[in-house]
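Student: I would like to work through this predicted model with you, one question at a time. Could we begin with the annotated sites and then turn to the wider architecture?

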Amino acid sequence: MTRAVTILGATGSIGCSTLDVIARHPERYRVFALTAATNAEKLAVQVLEHAPDYAVMLNNSGADAVRCRLPAGHPTQVLSGEEALAWVAGHEDTDIVMAAIVGAAGLLPSLAAARAGKRVLLANKEALVMAGPLFMEAIKQGGAELLPIDSEHNAIFQSLPEHYGGHFAPYGISKILLTASGGPFRGWQSAQLEAVTPAQAVAHPNWSMGQKISVDSATLMNKGLELIEACFLFNCQPDQVQVVVHPQSVIHSLVQYCDGSVMAQLGQPDMRTPIAYGLAWPERITSGVAPLDLVTIGRFDFEAADEETFPCLALARRAFSVGGTMPTVLNAANEIAVEAFLGERIPFSTIPTLVKRVMDAHETTTVKSLETVLMADHWARNQAILLLQGSVNEVDA
Ligand code: NAD
Ligand code: MG
């Protein structure tokens, strides 16, 4: 029987890779719904190719723009708005939901999928960082299956014991080794980072990804978000997760055991591998990814992360350790900072400074409800914008 898949964020990098894998297995998967923010042209092309039951755009004008690109009588229903996003994600006719919207905007539809007990393929790490305890609880309560798609977390999932129950000790697990490419500015000094442009920051050496995650990779905030993601997903503390820079991005992460064994997952830096794994688990299907040729790769290098030049990693560790609403605030401030950097309103080095200033000003509260999270997110965005409006000098002070 074919399984129906909803792709939240279908027009993005992960969304397109997911469609690529699905198209290789028409006997296994069919597309139930595709969603996008504003790119009507691309969504319409995807709708014509995959004929989903539903297509969802963020607003009415976007939905109209999709409709007018479809021939009369086309079977796909085109909807719009945030409620429609959550509705398709939790719809009884969808089995699998790929959560691949970028940023906090992905939280509500991802939660809807979790509550409705879907197989949730989680690419959207920001949703987990901003609302980790709520999201994990929703997965449990809804009886959902959570498959991490972020390559590192997918590698950790593959390297953990099959029935890992959320605690290291009974399984003899010592720690998680979270690998990082180091980003495009690995080895650079602070002074060299002053003048970097958005174009330089989004040019990742190994991975082709959306703009936001590419900037996060350049600041090492991506590794910080992933550290928090690992702590929530695998129920551990930051000191049980060691970040190791591995510039080739072939070892996607490792798990160290008390007997000295280290289990790892390796592969080409191509997201279709973790996507195929998440779709088919516990089976394996082809993904279109070329086999790994170790002789061609030749060598693996490792080094420590330069946390002084790239302070975002330490900020993330601090946010998780403080707990409560602090990870929400870290994420929200970072989203504003990245947007300002991409819009050439602040220099690269102001990203960590701005995030730190917003965190310093935050009075943490316990995460009791979704409302607490949304309020903290809203507060942090406002605070970051106020600081940016004040003056960049003030932010840098
Ligand atoms: P992207 O920018 O290429 O695509 C983002 C998608 O989200 C697009 O379809 C866009 O239309 C949609 N979107 C954006 N804002 C929205 C909004 N407000 N409401 C509804 N939809 C919205 O991003 P990406 O690189 O595909 O990354 C998606 C997510 O997956 C991110 O959270 C990222 O951290 C994570 N991730 C990506 C990769 C990768 O290789 N690209 C790897 C690991 C994790
Ligand atoms: Mg990753």
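Student: In which helix is Glu-226 found, and is Glu-226 buried or exposed?

Tutor: Glu-226 is found in helix 11, which spans residues 221-234. A residue counts as buried if 20 or more other C-beta atoms lie within 10 Å of its own, and Glu-226 has 30 such atoms within that distance. The helix is therefore helix 11, and Glu-226 is buried.

Student: Where does Asp-150 lie, and how many other C-beta atoms are within 10 Å of it?

Tutor: Asp-150 sits in the loop between strand 7 (145-148) and helix 7 (151-159). Apart from residues up to four places away in sequence, Asp-150 touches Ala-123, Lys-125, Glu-226 and Glu-229. Asp-150 is buried, and the number of other C-beta atoms within 10 Å is 26.

Student: Which residues does Glu-152 touch, not counting those up to four places away in sequence?

Tutor: Glu-152 is placed in helix 7, and with 28 C-beta neighbours inside 10 Å it counts as buried. Not counting residues up to four places away in sequence, Glu-152 touches Leu-178, Thr-179, Glu-226, His-252 and Ser-253.

Student: Lys-125 is also covered by a "binding site" annotation in the unreviewed UniProt entry; which helix holds Lys-125?

Tutor: Lys-125 counts as buried, with 28 C-beta neighbours inside 10 Å. Its contacts, not counting residues up to four places away in sequence, are Asp-150, Leu-225, Glu-226 and Glu-229. The helix that holds Lys-125 is helix 6.

Student: Turning to the ligand, which helix gives the most to the shell around ligand 1?

Tutor: The shell comprises 26 residues, with Gly-9, Gly-12, Ala-105, Met-209 and Gly-210 the closest, and it divides into 14 nonpolar, eight polar and four charged residues. At least two residues of the shell are supplied by each of helix 1 (13-23), helix 6 (125-142) and helix 10 (211-219). The most, three residues, is given by helix 1.

Student: Why do the buried residues of helix 3 lie on the same side of that helix?

Tutor: The buried residues of helix 3 (residues 60-67) are Gly-62, Ala-63 and Val-66. They lie on the same side of helix 3 because they cover an arc of only 100 degrees around the axis.

Student: Finally, how far apart are the centres of domain 1 and domain 3?

Tutor: The protein is divided into domain 1 (3-149), domain 2 (156-297) and domain 3 (323-396). The contact between domain 1 and domain 3 takes nine residues from each of them, and on the side of domain 1 six are nonpolar, two polar and one charged. Taken over C-alpha atoms, the centres of domain 1 and domain 3 are separated by 27 Å.

Notes: Residues numbered from 1 in each chain as written. Chains lettered and ligands numbered in written order. Predicted model: local features only at pLDDT ≥ 70, side-chain atom pairs only at ≥ 80, totals over all residues. Near = placed C-beta within 6 Å. Helix = DSSP H or I, 4+ residues; strand = E, 2+ residues; numbered from the N terminus. Nonpolar A, V, L, I, M, F, W, Y, C, P; charged D, E, K, R; others polar. Buried ≥ 20, exposed ≤ 12 C-beta atoms within 10 Å, placed from the backbone. Arc of directions from axis to C-beta. Domains from an automatic or database assignment. Contact = placed C-beta atoms within 7 Å.
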